[in-house]
Amino acid sequence: MNFEQFFRSELDGLHEEGRYRVFADLERQRGQFPKARRHTADGVKDVTVWCSNDYLGMGQHPKVIDAMKDAIDHCGAGAGGTRNISGTTHYHVLLEQELADLHGKESALLFTSGYVSNWAALGTLCSRIPGIIVFSDAGNHASMIEGIRHAKCERVIFKHNSVADLEAKLAAADPAAPKLVAFESVYSMDGDIAPIKEICDVAERYGAMTYLDEVHAVGMYGPRGGGIAEREGLMHRLTVIEGTLGKAFGVMGGYIAASAALCDYIRSFASGFIFTTALPPALAAGALASIRHLKESQVERFAHQERVRRLRSLLDRNGIPHLPNPSHIVPVIVGDAAKCKWISDLLLDNCGIYVQPINYPTVPKKTERLRITPTPLHSDGDIDHLVGALHQLWSRCALARAVA
């Protein structure tokens, strides 16, 4: 087999479908977010970033930056090993305690990313509990799907956010089998929110554990930033809450929060935890500072919600179709992979606006979109510029307008 020819052929297919991914070469500048510098073959250009997962701009917050600098000055760069072999620093211990407190749980466990925390935790639970059946929402993230798939246990997919379908499938399962229901709070592509209370009601009725991914909600919702479950007073009803430090908290890493026994079980058996180098202490220190700040400050959350409302209002006024949802994620639907990438390229090259096109397989074909994530640091002028550019490109592409 000619392997190089095979690789090129597969990549050519992505180009033809308009699904080939190009990375924007960005240089974030302290104190300037959401502005950044983009390195191109034609030189360096200024851009405004509209698709960052640093939802609150905490990656630029002085408390976070100072904490990371202090940790480097105090400890040096790396952790020096796995958590088991010399890599557990006091910053890791403090951060896990802070995360447990954030979610009202006995314990928490750190991972190197949100992807790894889902893969390792679900993969371990679902492979080692004899006879377990996992009930997984059809909209779950790839990291959850991969963790469940890796476990090679029995798995049942229920319709997205459908409590009725979940209950029907639980009722049809072996009543003696252990069960786990895995779902998310805020779904990142459509921005919709799960009916957490109703899912907990059904899960408890059938004796199932609940595993809630809050990666797009932690820091963003609830009086202390504990997520949708905190906002709705439901954290105590969830067996496991999983989150990330790389989105609203502005740093890097993932975690689970649960009972002391469950966290210790994952710590003791999850290969994705045991055999990887611990997060650098500076990252743990930055996350710790971010969480502590957002536990006490509502300023960022209130400002963020106001920015989202203003953007949606202007999109509506200009007939730019976007999915209505109760979250901070604003998906502007294009519905064509080639046009989606073309609009994204024009926004970037001609308008200094960076919004990454989201195409299949991340979203279904014919639902291609620009996933816009406003932050508290986007100005009125930034919003006006974005919507004005979209308004012009919508006409240029002859795309359908939303009807008010």
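Angles between helix axes under 35 degrees count as roughly parallel, those over 145 as roughly antiparallel, those from 65 to 115 as roughly perpendicular and the rest as oblique; the axes are lines fitted to C-alpha atoms, for helices over the stretch in contact, with angles running from 0 to 180 degrees between N-to-C directions. The model is predicted, so that local features need pLDDT of at least 70 and side-chain atom pairs count only at pLDDT 80 or more, while totals for chains, interfaces and linings use all residues. Residues are numbered from 1 along each chain as its sequence is written, and side-chain values use heavy atoms, with hydrogens and water left out.

The axes of helix α7 (residues 163–172) and helix α8 (residues 196–205) come within 10 Å and cross at roughly 10°, and these two helices are therefore roughly parallel to each other. In their contact (heavy atoms within 4.5 Å), Val-163, Leu-166, Glu-167 and Leu-170 of α7 meet Glu-198, Ile-199, Val-202 and Arg-205 of α8.

Helix α10 (residues 260–269) has Leu-262, Cys-263 and Ile-266 as its buried residues, where buried means under 20% relative accessible area, exposed over 50% and partly exposed in between (1.4 Å probe, protein chains only). These residues lie on the same side of α10, because they cover an arc of only 95° around the axis, the arc being that of the directions from the helix axis to the C-beta atoms. Among the elements that cover them are β4 (107–111), α5 (114–128), β9 (240–244) and β10 (254–258); helices (H or I, at least four residues) and strands (E, at least two) are DSSP runs, numbered from the N terminus.
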